[in-house]
Amino acid sequence: MAEATTGTSTAAAVTPVLRERIPHEIVASVLAATTAFVGGTALHLPPWAIFISWAGMFLMGGPSLAGARRLWCAMPVGSTYALLIVLLETHAGTAFGESQLARNAFGALCILVLNSALMYTGRVRFFSLIPGMFFGFASYFATFFGGFGFEAGNPWAAWVCVVAMNALGPVYAWLSMRLTFPVEIKSPS
């Protein structure tokens, strides 16, 4: 059944207009500064991995629990596929020979097969946020090859560290909005 519209909207359909008491730019910058303490510890965690998923939340329309859940499900999957690539290349990287070309060919085959599997995993509703999987995928490689983590060069340590840091991004996104202490603006009727 179709409804006729009159050009007016109901109160439930109107999004309230909010005013930030503290500018979002200031709040986000203060939060960003706190990541120096995350990366500057003995654990040598990758603070930039927070920014990847933080930005992802805003690409999804802004912080929400539903969006955070989708990222929290997808990012570790991407990081896991990247971990598998690193493990294969570490333990069987010379399967095609010792030359750089042979190693590159083996690496390309690993990426071809596992990247395809990653994208097919995106067909599973629970893991359907493929860009989120690629956030985790890229973050893992940057963590591992960048020497981050509580044991640099350890593929498993890199995985633990990047999953933890990516998981903080949605929290930072939510805080960046919440700590502006928004108030609803009364619009003149």
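Mentor: Let's start with Phe126, which sits in the loop between helix H4 (100-121) and helix H5 (130-145). Helices here are DSSP runs of H or I with at least four residues, strands are runs of E with at least two, and both are numbered from the N terminus. Before going further, please keep in mind that this is a predicted model, where local features need pLDDT of at least 70, side-chain atom pairs count only at pLDDT 80 or more, and totals for chains, interfaces and linings use all residues. Residues are numbered from 1 along each chain as its sequence is written, and side-chain values use heavy atoms, leaving out hydrogens and water.

Is Phe126 buried or exposed? Phe126 counts as exposed because its relative accessibility is 57%; the cut-offs are under 20% relative accessible area for buried, over 50% for exposed, and partly exposed in between, using a 1.4 Å probe and protein chains only. Phe126 also lies 50 residues from Pro76 in sequence, and their C-alpha atoms are 12 Å apart in space.

Now step back to Thr121, which has its place in helix H4. Thr121 has 14% relative accessibility, so Thr121 counts as buried. Leaving aside residues up to four places away in sequence, Thr121 touches Val77, Tyr81, Phe127 and Met133, where a contact means heavy atoms within 4.5 Å. With Tyr81 there is also a side-chain polar contact of 2.7 Å. A polar contact is a pair of N or O atoms within 3.5 Å; within protein, one must be able to donate a hydrogen and the other to accept it, and residues adjacent in sequence count only if both atoms are side-chain atoms.

Asn166 counts as buried because its relative accessibility is 1%. Again setting aside residues up to four places away in sequence, the residues that Asn166 touches include Ala49, Ile52, Met75, Phe135 and Ser139.

Finally, here is the whole chain around these residues. The protein chain has six helices and two strands, in the order β-α-α-α-α-α-α-β from the N terminus. Buried residues make up 36% of its 189 residues. Of the contacts in the chain between residues at least 6 apart in sequence, 69% join residues at least 24 apart. Along the principal axes, the C-alpha atoms fill a box of roughly 75 × 50 × 20 Å.
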